[in-house]
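Please read this report with the sequence and the model side by side.

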Amino acid sequence: MLLKSKVAIVTGGTRGIGRAIVFDLIQNGAKVLFTYLKSDESAGIILDEIKGLKGEAEAIKADVRLYDEAKKAVEETVNRFGKVDILVNNAGITKDKALMMMEPSEWLDVINTDLTGYFNMAKACIVTMMKQKSGVIVNISSIAGVVGMPRQVNYSSAKAGELGLTKSLAKEVASYGIRVNAVAPGFIDTDMTKELKQKDEFLKMIPFGRFGKPEEVAKVIKKLVAEIVEVEIDKITPEASFVEDLGMDSMMVLEILASIEKKYKLRIPEENLTKITNLSKVVELVDEFLVK
Ligand code: NAP
């Protein structure tokens, strides 16, 4: 399974996009802790469904607006599952209004959840990931943060802020083997978009003529988090596949080829690249070309 032995935290896992991501990660073998704010009942139902799928998950009511609660969610994950490989910052809210009608509290509610919440969760996870020397953080931003949306100055600002947070943190922690990415979905069919006033107007702008589905976003997230640059020592065996078992990509395989050539002062023809799938094959190739 793509994410076997990986541990993920998903914020706002009780509904919409977060819920779809939780199930997708579970179906790909990850262990998942998800957070929520109010939906105790949905959290219970999701945990039961996951049990039925023979997956491992935990849910925790933790308000991402508060750093101590974010920390509690991360500590719970480490206590239960031993590490944190993946953080999906997803919990978000909207409070749409024209600026002239928007109360300062409505501005702050959205900024505190959608932007400070992402900061709180990333901060709570980062030392654990730095010690592991691996991790992936995916921030669910929005098209609103890229192009701006009327009646959403609070939400568009928070979502644009998440992009800044993503780019800055990515540069800060790349050397620790931690990747930080953002995705910016368009309109997705969830509770958040149910009450949208300009729904018909927005539909006209979408080439497919429909809102996206939460499962479609989850598929993108799975691809992003699957490329975790991490090799667990006990997984390295002569037969372990570089790509499937050890998580390498073709660039890394190329680098291996280059180091072998340098070390043994030999020239391996490029067509042999596809043969380098595991350590046994490396040894065979070196043997073959050293003799020549
Ligand atoms: P949703 O259906 O309204 O679900 C929101 C989730 O966030 C719920 O699980 C909710 O928990 C949780 N949550 C809200 N405030 C929280 C807090 N303070 N602490 C912890 N959890 C909290 O939203 P969605 O449409 O799936 O959106 C998810 C993310 O995608 C958001 O960041 C949103 O900005 C982004 N996005 C959405 C769309 C879209 O069109 N829907 C498009 C682009 C980006 P409870 O169930 O307990 O309330």
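Arg151 is found in the loop between helix H5 (143-147) and helix H6 (153-173), where helices (H or I, at least four residues) and strands (E, at least two) are DSSP runs numbered from the N terminus. This is a predicted model, in which local features need pLDDT of at least 70 and side-chain atom pairs count only at pLDDT 80 or more, whereas totals for chains, interfaces and linings use all residues. Residues are numbered from 1 along each chain as its sequence is written.

Although Arg151 is not a glycine, its phi is positive, near 65°. Most residues other than glycine have a negative phi. Lys133, in the loop between helix H4 (104-132) and strand E5 (135-140), likewise is not a glycine and has a positive phi of about 60°. For burial, a residue is buried if 20 or more other C-beta atoms, placed from the backbone, lie within 10 Å of its own, exposed if 12 or fewer, and partly exposed in between. Arg151 counts as partly exposed because it has 18 C-beta neighbours inside 10 Å, and Lys133 counts as exposed because it has 12 C-beta neighbours inside 10 Å.

## The chain as a whole

The secondary structure of the chain comes to eleven helices and six strands, and the C-alpha trace spans about 80 × 40 × 35 Å along its principal axes. Of the 292 residues of the chain, 32% count as buried. Two residues are in contact if their C-beta atoms, placed from the backbone, lie within 7 Å; among contacts between residues at least 6 apart in sequence, 67% join residues at least 24 apart.

## The sheet and the helices across it

Six strands form an open sheet in the order E3-E2-E1-E4-E5-E6, with parallel pairing, two strands being paired if DSSP finds at least two bridges between them. Strand E3 (57-61) and strand E6 (178-183) stand at the edges, and because each has a single partner strand, one side of each is left without a neighbour in the sheet. From one strand to the next the twist averages 15°, where axes are lines fitted to C-alpha atoms, for helices over the stretch in contact, and angles run from 0 to 180 degrees between N-to-C directions.

Strand E4 (residues 86-89) pairs in the parallel sense with strand E1 (residues 7-10) over three bridges, with Val88 of E4 as the bridge partner of Val10. E4 also pairs in the parallel sense with E5, over four bridges, and there Asn139 of E5 is the bridge partner of Asn89. Ile86 and Val88 point one way from E4 while Leu87 and Asn89 point the other way, and all are buried. Helix H3 (residues 67-81) lies across E1, E2 and E3, running at about 155° to E2, whereas H4 lies across E4, E5 and E6, running at about 170° to E4.

## The nonpolar core

A nonpolar core is a set of buried Ala, Val, Leu, Ile, Met, Phe, Trp, Tyr and Cys residues joined through C-beta atoms within 7 Å. The largest one has 56 residues, of which Ala8, Ile21, Val22, Val32, Leu87, Val88 and Cys125 touch the most other members. H4 gives the largest share of this core, nine residues. Leaving aside neighbours within four places in sequence, Ile21 is in contact with Val10, Val88, Asn90, Ala218 and Ile221.

## Around the ligand

The ligand is surrounded by 32 residues, the closest being Gly12, Gly16, Gly92, Thr190 and Met192; a residue is near a molecule or strand if its C-beta atom, placed from the backbone, lies within 6 Å of it. Helix H1 (16-27), strand E2 (31-36), H4 and helix H7 (191-194) each supply at least two residues of this shell. By class, the shell has eleven nonpolar, 15 polar and six charged residues, with Ala, Val, Leu, Ile, Met, Phe, Trp, Tyr, Cys and Pro counted as nonpolar, Asp, Glu, Lys and Arg as charged, and the others, Gly among them, as polar.
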